[in-house]
Amino acid sequence: MQLTETTIEQTLDSGLPEGILITGDIQPEYESILTQDALNFIATLHRQFESQRQALLQKRIERQAEFELGNLPNFISETKNIRESNWAVAPIPADLQDRRVEITGPVERKMVINALNSPVKVFMADFEDSNSPTWDNIIEGQINLRDANDRSITFIHPVKKTVYSLNHKVATLMVRPRGWHLDEKHILIDGTSISASLMDFGLYFFHNAKTLMENGSGPYFYLPKLESHLEARLWNHVFIAAQNLLNVPQGSIRATVLIETITAAFEMDEILFELKEHSAGLNCGRWDYIFSFIKKFGKNKNFILPNRAQITMDRHFLSSYVKLLVQTCHKRGIHAMGGMAAQIPIKNDENANQEAMEKVRLDKEREAEAGHDGTWVAHPGLAQIALDAFNEKMPGKNQINKVQKNQHITVQDLLQVPTGTITEDGFLHNIRVGIQYLAAWMIGNGCVPLYNLMEDAATAEICRTQLWQWIHHTASFDNGKPITAEFFQTSLETIKVELESEMTQPIQNAIDLFSSMVLSETIDEFLTIPAYKNLT
């Protein structure tokens, strides 16, 4: 079946296509995104791939059960030939050759304009960790990206009346859909919630692929939360089917995979191999990677991590992960992207601001020196610092030709637990950040500046799982005091009073959900799954 964009202006006045139910409000402006052809397109993807998605999610459960029995991940013996043979991914498109600094952020309209106008090479528009997936945020995000690609996007500040529009030259656009584990509850296909991944990808691809290609670019993506090369294989099958359905040339789609789970770190070659014709490399998703390390081995008392602030990229398990990623990507002729700097400019304290910006500079210089071909920032104020670091170390468009040799990264390297301390301040900080982030997320804000850092779902997950791990194993603070559920509950009551005096939005729902997950007998897979049920 061939689907086209010929009825792009068609509204839903004549009713929804058979088997499709939308429970979210359809504002008049939403109809240009939720056309019958677009809905049929994502329904086709759902019907073809939903059973495979569910099978892969079941494999995650089975693998987690093995870890809880004490088994640990390893490189796969059956795919040794892929790791050791010579092959390369497809040639890199012209507008993805130079990715030395990429800015990320949610798909909010003003953010899209400012990010595309900022002095970076790429804007990664995020439907995932920095976006709270309210129905309005998701559909308006699709509108914003479509308008950006056809260059009609504008925004008028409601108070200042300032008009925002695109510059003549803008950054290359990449899009991050939500992960395989998430559903979109507002669209049902044959009575089943559609995969959030397929919805975000499918609507964007349907409405933008041909426009992008006519403009000399293409439909470029970031793929989050993959746990195996089989999950990359599913994405590749989706890409092939989508291109066929819209009669788009195969290989037009390019995707960078975030290596942000400990299991995916053992399958980097295999992931690139599965996406070979559609690959745009790998990225060090450092915060989710730390979260995954805690979650996967949370019940193993030998994997207790210290304060989050002590888990820096120079720790052996993280530096080994970086070395393996750079080595793997460059061997296959593709980009190895660095991770996010969580710092943001501090306006009211110059000394603190200089200290924060120095941390950013050192982090970006480390990434460039390690061989990365680019890096991430979350705030335009960090763009020049990151650019300066990469401009000094990387005079060309990338440094893919720098192939690291004789770096044999072992299982033990990737699983070495960092030493350090757990402090009461670190414990309380995790509670404060977790509750404030969750409270903001539940009213539609997924990117929250807290204590001079930009927090998103990944960093909130670290807070939650660290608290669970410390309490579950009755770890001790550096002063010898045991960490107990009782101390958590007492601390929570004190912090509740403190936050209620500071915050404008209600926080009780966030407190109830956060505390229930911290005190649960098991580590919930993702904070956002139960939180999504409470999303306003």
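Guide: Leu 21 is found in strand E1 (residues 20-22). Note that this is a predicted model.

Visitor: Why is Leu 21 called partly exposed?
Guide: Its relative accessible area is 43%. Buried means under 20% and exposed over 50%, so a value in between is partly exposed. Leu 21 therefore gets that label.

Visitor: What does Leu 21 form with Leu 16 and Ile 26?
Guide: The three make a nonpolar patch on the surface. Together they have about 220 Å² of accessible area.

Visitor: On to the rings. How many aromatic pairs does the structure hold?
Guide: It holds 26.

Visitor: Why is the pair of Trp 235 and Phe 239 called tilted?
Guide: The ring centres are 5.6 Å apart and the planes stand at 35 degrees. Centres within 6.5 Å make a pair; under 30 degrees would be stacked and over 60 edge-to-face, so the rest is tilted. Hence tilted for Trp 235 and Phe 239.

Visitor: Where do Trp 235 and Phe 239 lie?
Guide: Both are in helix H6 (residues 229-245). They are four residues apart, about one turn of the helix.

Visitor: What makes Trp 235 count as buried?
Guide: Its relative accessibility is 1%. The cut-off for buried is under 20%, so Trp 235 is buried. Phe 239, with a relative accessible area of 0%, is buried too.

Visitor: What makes the pair of Phe 477 and Phe 487 edge-to-face?
Guide: The angle between the planes is 70 degrees, with 5.6 Å centre to centre. Edge-to-face needs over 60 degrees. The pair links distant parts of the chain, 10 residues apart. Phe 477 is in the loop between helix H15 (457-472) and helix H16 (485-502), and Phe 487 is in helix H16. Both residues are buried.

Visitor: Which residues form one aromatic cluster?
Guide: Among them are Phe 41, Trp 180, Tyr 204, Trp 235 and Phe 239.

Visitor: How do you know that the charged end of Lys 295 sits over the ring of Phe 526?
Guide: The charged end is 3.9 Å from the ring centre. The distance limit is within 6 Å, and the charge must also lie within 35 degrees of the ring normal. Arg 308 likewise sits over the ring of Trp 287, 5.4 Å from its centre.

Visitor: Now the charges. How many salt bridges are there?
Guide: The structure holds 38.

Visitor: How do you know that Asp 190 forms a salt bridge with Arg 47?
Guide: Their closest N and O atoms are 2.8 Å apart. The limit is within 4 Å. This pair links distant parts of the chain, 143 residues apart. Asp 190 is in the loop between strand E7 (183-189) and strand E8 (192-195), and Arg 47 is in helix H1 (residues 36-68).

Visitor: Buried or exposed, or in between: what is Asp 190?
Guide: Asp 190 has 49% relative accessibility, so it counts as partly exposed. Arg 47, at 41%, is also partly exposed.

Visitor: What do the side chains of Lys 225 and Glu 128 form?
Guide: They meet in a salt bridge, 2.5 Å from N to O. Both residues are buried. Lys 225 and Glu 128 also belong to a network of salt bridges, with others including Arg 176 and Asp 288.

How values were computed
Residues are numbered from 1 along each chain as its sequence is written. This is a predicted model: local features need pLDDT of at least 70, side-chain atom pairs count only at pLDDT 80 or more; totals for chains, interfaces and linings use all residues. Side-chain values use heavy atoms; hydrogens and water are left out. Rings of Phe, Tyr and Trp (its six-membered ring) pair if their centres lie within 6.5 Å; planes under 30 degrees apart count as stacked, over 60 as edge-to-face and the rest as tilted. Helices (H or I, at least four residues) and strands (E, at least two) are DSSP runs, numbered from the N terminus. Buried means under 20% relative accessible area, exposed over 50%, partly exposed in between (1.4 Å probe, protein chains only). Patches are made of residues with over 30% relative accessible area and no salt bridge: like charges are joined within 9 Å, nonpolar side chains (Val, Leu, Ile, Met, Phe, Trp, Tyr) within 5 Å. Accessible areas come from the Shrake-Rupley method with a 1.4 Å probe; for residues, only the protein chains shown count as cover.
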